[in-house]
Amino acid sequence: MLVRAARYFVVGGVSACFDIGFFYVFAKLLGYNYLVVATVGFALAVLVNYFLSVRFVFKSGVRFSRAHELILIYLVSGVGLLLHLAILYAAVDWLAIELMLSKLGATFGTFLWNFLARHYFVFRDPVAKDSGAASPR
């Protein structure tokens, strides 16, 4: 799992750069509502993350078809999005933390949830489920 976590860290980093860059342009520079921009950017970053994850981190099609996996990724990510938006809203509106710093905190705050949910729920090898260990990529 350590190698998989390291690979996911890189994939998550690329996805986070996409998400943060999108957020910077549309929320910070262009002034669109930060919660709307965060939602759209997060949804797009999930798609980027999925394609990079099945290429470099997880074995696709182990439990579900790719279409089913993508649906599950978005369901799992929905929880991550709610967590992300809650952190972002609290940081910006309650704690008055600068917008981009709040975005970074929200991104890091959801990273662990995203990895664990994908590792144990979406991409878990059905054989490994019975033995309690996930198969390596």
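Colleague: How do the residues lining the largest pocket divide into nonpolar, polar and charged?
Modeller: Ala, Val, Leu, Ile, Met, Phe, Trp, Tyr, Cys and Pro count as nonpolar, Asp, Glu, Lys and Arg as charged, and the others, Gly among them, as polar. The lining of the largest pocket then splits into 11 nonpolar, 9 polar and 2 charged.

The model is predicted: local features need pLDDT of at least 70, side-chain atom pairs 80 or more, while totals for chains, interfaces and linings use all residues. Numbering runs from 1 along each chain as its sequence is written, and side-chain values use heavy atoms, without hydrogens or water.

Colleague: Which residues lie nearest the centre of the largest pocket?
Modeller: A pocket is an open set of points on a 1 Å grid where a 1.4 Å probe fits, with protein on both sides within 12 Å along at least five of seven lines; lining residues have an atom within 4 Å of a point. Here 22 residues line the largest pocket. Nearest its centre are G12, S15, A16, T107 and F111.

Colleague: Which helix gives the most to that lining?
Modeller: Helices are DSSP runs (H or I, at least four residues). α1 (2–29), α2 (34–56), α3 and α4 each supply at least two lining residues. With 9 residues, the most comes from α1.

Colleague: Is R124 buried or exposed?
Modeller: R124 sits in the loop between α4 (99–122) and α5 (126–131). Buried means under 20% relative accessible area, exposed over 50% (1.4 Å probe, protein chains only). Because its relative accessibility is 12%, R124 is buried.

Colleague: And L101, buried or exposed?
Modeller: L101 belongs to helix α4. Its relative accessible area is 52%, so L101 is exposed.
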